[in-house]
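Please keep the sequence and the structure in view while reading.

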Amino acid sequence: MDIGLAVGGAFLSSALNVLFDRLAPQGELLKMFQKNKHDVRLLKKLKMTLVGLQAWLNELRDAVDGAENLIEQVNYEALRLKVEGQLRNLAETSNQQVSDLNLSLSDDYFLNIEEKLEDTIETLELLEKQIGRLGLQRYFDSGKKLETRTPSTSLIDESDVFGRQNEIEELIDRLLSKDASEKSPTVVPIVGMGGVGKTTLAKAAYNDEKVKSYFNLKAWFCVSEPYDAIRITKGLLQEIDLFDLKDDNNLNQLQVKLKESLKGKMFLIVLDDMWNDDYNEWNDLTTPFIQGDMGSEIIVTTRKKDVAGMMGSGAVNVETLSSEASWALFKRHSLENRDPPKEHPELEEVGKQIADKCKGLPLALKTLAGFLCSKSEVDEWTDVLRSEIWELSCRPNGILPALMLSYNDLPAHLKQCFAFCAIYPKDYQFWKEQVIHLWIANGLVQQLHSVNQYFNELRSRSLFERVSESSERDGGKFLMHDLVNDLAQIVSSKLCVRLEECQGPHMLEQSRHMSYAMGKDGDFEKLKPLSESEQLRTLLPISIQYFYRPKLSKRVLHNILPRLTSLRALSLSCYEILELPDALIIKLKLLRFLDLSQAKITKLPDSICALYNLETLLLSSCRYLEELPLQMEKLINLRHLDISNTSRLKMPLHLSKLKSLQVLVGAKFLLGGPCGWRMEDLGEAHNLYGSLSILALQNVVDRREAQKGKIREKNHVEKLSLEWSESDADNSQTERDILDELHPHTNIKELQISGYRGTQFSNWLADLSFLKLLVLLSLCNCKDCFSLPGLGQLPCLKFLSIRKMHRITEVTEEFYGSPSSEKPFNSL
């Protein structure tokens, strides 16, 4: 809720900052009104009003946050009563009204709550009345779109294009190639983030001499927002027929005229800056185009991969410029047009650093170069190097308005998710799964099944970039371009911050979501200022240095973190923590996300079972963790539990009592014995994700029992480990029958089989249709097997380990797969 308000008023808040700068006592604006004292007084009065308005925004946010915390505290008491009632076999209280709970809660508690409720309501009612009096209603209209871009034209200065020669040649070759199998016209989408040079690439191809002579007819139109089929069609007709259609607003007549104009002609049309991803509207718009001759082409530039995707043809992805091309472009606009021309070695040295700061974004390079082209002092250039890029350009076609278009186009629910990502430092590679967990914990995602869609939508709009070398695990790693990161900081209105960049206690009080770089000195001094941050919702340590294992001061655990009672998300991942104090957990009643991965704890405190709001608990790679609390079933809202890579942990039977658990990662089913799991338990577990280990398979007696595990239905399991302890089998055929029923889902990527007691492996191990995604296979200590399965044709197999197979005396042709022209082990 808090980020929703911040983002809802983000334009207002950032606009206020600009206005304050304009109305500074020594600013140019007030100087212009010096002759008219009355106007000066009015301007000063305006500034004072705006100061009050900014304070009002802060008050409103604080009041809403306080109200939410109050409701959450009452809800916690309701959850506590529900859990205690269930444990005592009493009637559930989950559906009762808060007022019915006074039979179990003290009168003092209700007097306290009643007073807080009345104060909160009074404050909110007062602020609500001020919305109308201050004329703020329109700023909270999330549906309003702002168009700030000047329409592009097809004109280009070819000497101003750097580092795009390969892309230009490839685009021209694509435009000039005729393929009889392709439908006409062919669409060529050009995709990339704002300011990266999509329009420049389209212009270069559009104005190429070979292209000009190849097409009978060319037209350029800047679509932008808002989308208007009449405006687009009219604009294309004006480009083609050179007559005025401003009085004709009949779409049918316009499209008929456009169809007649294009009929039988081989044309090239550029639709620049396309945002609309409605397929039906796109189909309607392009219906007149099908009258063109074979070889006709449409170029569409867009920031949204969804726009490119609906056009059904391969997109041209525009990346940022190389360091060399960046400097060439920057130098041309900042140094080469000076009068008189001369060398500027001292400026070039600083200029190269400024160019690097732009991270290959042409719009930023040209904007900063234009800002510096009239400045000759090294100090002036150094000031730019030390400043944030946003502070240097507020022009209508500058960096901020250009990238703000991407933000403006987001629906409200995506705006708050994007703004949250301001907590990540520049150049930091974040896991998709982590940011999704944090969104959920802070209530930014209402429909949980939509959360992947949210992330992918931001990625498709070029706001997130995938790190090319990252693995598929956890959805991969991502980062934001520096300027996109700056955009997130601006729209988050200082609610999502990095601790190292906080200036003064006021900014700490204002922040709600925070990250910080982990240190090696216990982080007490760094985190000490957070003692008063009672409204903080997210605390995320960022591991920047990997050559040491950071420790966390006990004073942080005992004296600082317990004061952060509003926390919804807390990560202590990667810290060398040996134990968690009960006093900490008891205070964090509203916690929904807790990440303890890679900690050195041997057990969790029993008090963790009182975190009734907890939805996500990450314990992966806690290699010393031996047990989980006995009353885990109290975690009635726990949906996601990760216990992967916890070699000492025995998965307790009482985990089956977690009724809300939807995702269990790293499950280990130890079969048999008085405290062991049954195959039926495994079959009933529909929440298994990631890795799954099934241990002591020698306790499975036959095929029928193995079937009860329903292994083939575990479609979210990507890593499967099957283990038999060392023992002799009574019947080799029974062992193979059991392995037949342990056939994994086709989504499996890693498979380990250890101690298998049969003499032959199941046929599914060599089945290309079932193991088409398998990347890693390990066969170990299968001491009775005398032959290997045919693995050579598995298309994705990269890692193969075969160890302790004592009865294998030779490797036959069968191992390489069926005879064919395919090279065996093509990916190994």
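Predicted model: local features only at pLDDT ≥ 70, side-chain atom pairs only at ≥ 80, totals over all residues.

Is lysine 708 buried, partly exposed or exposed? Lysine 708 is partly exposed, with a relative accessible area of 38%.

**Salt bridges**

- The structure holds 25 salt bridges, and one of them joins glutamate 348 to lysine 331, with the closest N and O atoms 3.6 Å apart.
- Because glutamate 348 belongs to helix H14 (residues 345-357) and lysine 331 to helix H13 (residues 323-334), this pair ties together parts that are 17 residues apart in sequence.
- Glutamate 348 counts as buried at 15% relative accessibility, whereas lysine 331, at 25%, counts as partly exposed.
- Lysine 708 forms a salt bridge with glutamate 680, and here the closest N and O atoms are 3.6 Å apart.
- Glutamate 680 is in helix H26 (residues 679-684) and lysine 708 in the loop between helix H27 (703-707) and E18, so the pair ties together parts that are 28 residues apart in sequence.
- Glutamate 680 is partly exposed, its relative accessible area being 25%.
- A further salt bridge is formed by glutamate 750 and lysine 719, whose closest N and O atoms are 3.9 Å apart.
- With glutamate 750 in strand E19 and lysine 719 in strand E18, the pair ties together parts that are 31 residues apart in sequence.
- Both ends of this pair are partly exposed, glutamate 750 at 28% relative accessibility and lysine 719 with a relative accessible area of 32%.
- Elsewhere, a network of salt bridges links Asp157, Asp160, Arg332 and Lys366.

**Aromatic pairs and charges over rings**

- The structure holds 18 aromatic pairs, among them the edge-to-face pair of phenylalanine 430 and phenylalanine 464, with 5.5 Å from centre to centre and 80 degrees between the planes.
- This pair links distant parts of the chain, since phenylalanine 430 is in strand E6 (residues 430-431) and phenylalanine 464 is in the loop between helix H20 (451-460) and strand E7 (465-466), 34 residues apart.
- Phenylalanine 430 counts as buried at 0% relative accessibility, and phenylalanine 464 is buried as well, with a relative accessible area of 2%.
- Tryptophan 724 and tyrosine 756 form another edge-to-face aromatic pair, at 5.4 Å centre to centre and with 65 degrees between the planes.
- That pair also links distant parts of the chain: tryptophan 724 is in the loop between strand E18 (717-723) and helix H28 (732-741), while tyrosine 756 is in the loop between strand E19 (750-754) and strand E20 (776-780), 32 residues apart.
- Tryptophan 724 and tyrosine 756 are both buried.
- Phe430 and Phe464 are also members of a cluster, linked by ring pairs, that includes Tyr424, Tyr428, Trp439, Phe455 and Phe478.
- Two charges sit over rings: lysine 218 lies over the face of tyrosine 206, at 3.7 Å from the ring centre, and the charged end of arginine 555 sits over the ring of phenylalanine 524, 3.8 Å from its centre.

**The E6-E8-E7 sheet**

- Three strands form an open sheet in the order E6-E8-E7 with antiparallel pairing, and the edge strands E6 and E7 each pair on one side only.
- E7 pairs with strand E8 (residues 477-479) in the antiparallel sense over 2 bridges, and arginine 466 stands opposite phenylalanine 478 in E8.

**Covered helices**

- Helix H7 (residues 198-206) is mostly covered, with 8 of its 9 residues buried, and these include Lys198, Lys203 and Tyr206.
- Helix H18 (residues 412-420) is likewise mostly covered, with 7 of its 9 residues buried, among them Lys415, Gln416 and Cys417.

- Ile71, Leu117 and Ile121 make a nonpolar surface patch of about 250 Å².
- Aspartate 62, in helix H4 (residues 37-87), is partly exposed with a relative accessible area of 35%.
- Between aspartate 62 and glutamine 535 there are 473 residues of separation in sequence, yet the C-alpha to C-alpha distance is 8.4 Å.

Notes:
Residues numbered from 1 in each chain as written. Heavy atoms only, no water. Patch = residues over 30% accessible without salt bridge, like charges linked within 9 Å, V, L, I, M, F, W, Y side chains within 5 Å. Areas by Shrake-Rupley, 256 points an atom, 1.4 Å probe, with all protein chains shown as cover. Salt bridge = Lys/Arg side-chain N within 4 Å of Asp/Glu carboxyl O. Phe/Tyr/Trp six-rings, centres within 6.5 Å; stacked < 30°, edge-to-face > 60°. Helix = DSSP H or I, 4+ residues; strand = E, 2+ residues; numbered from the N terminus. Buried < 20%, exposed > 50% of the residue type's maximum accessible area, 1.4 Å probe, protein only. Lys NZ or Arg CZ within 6 Å of the ring centre and 35° of its normal. Pairing = 2+ DSSP bridges.
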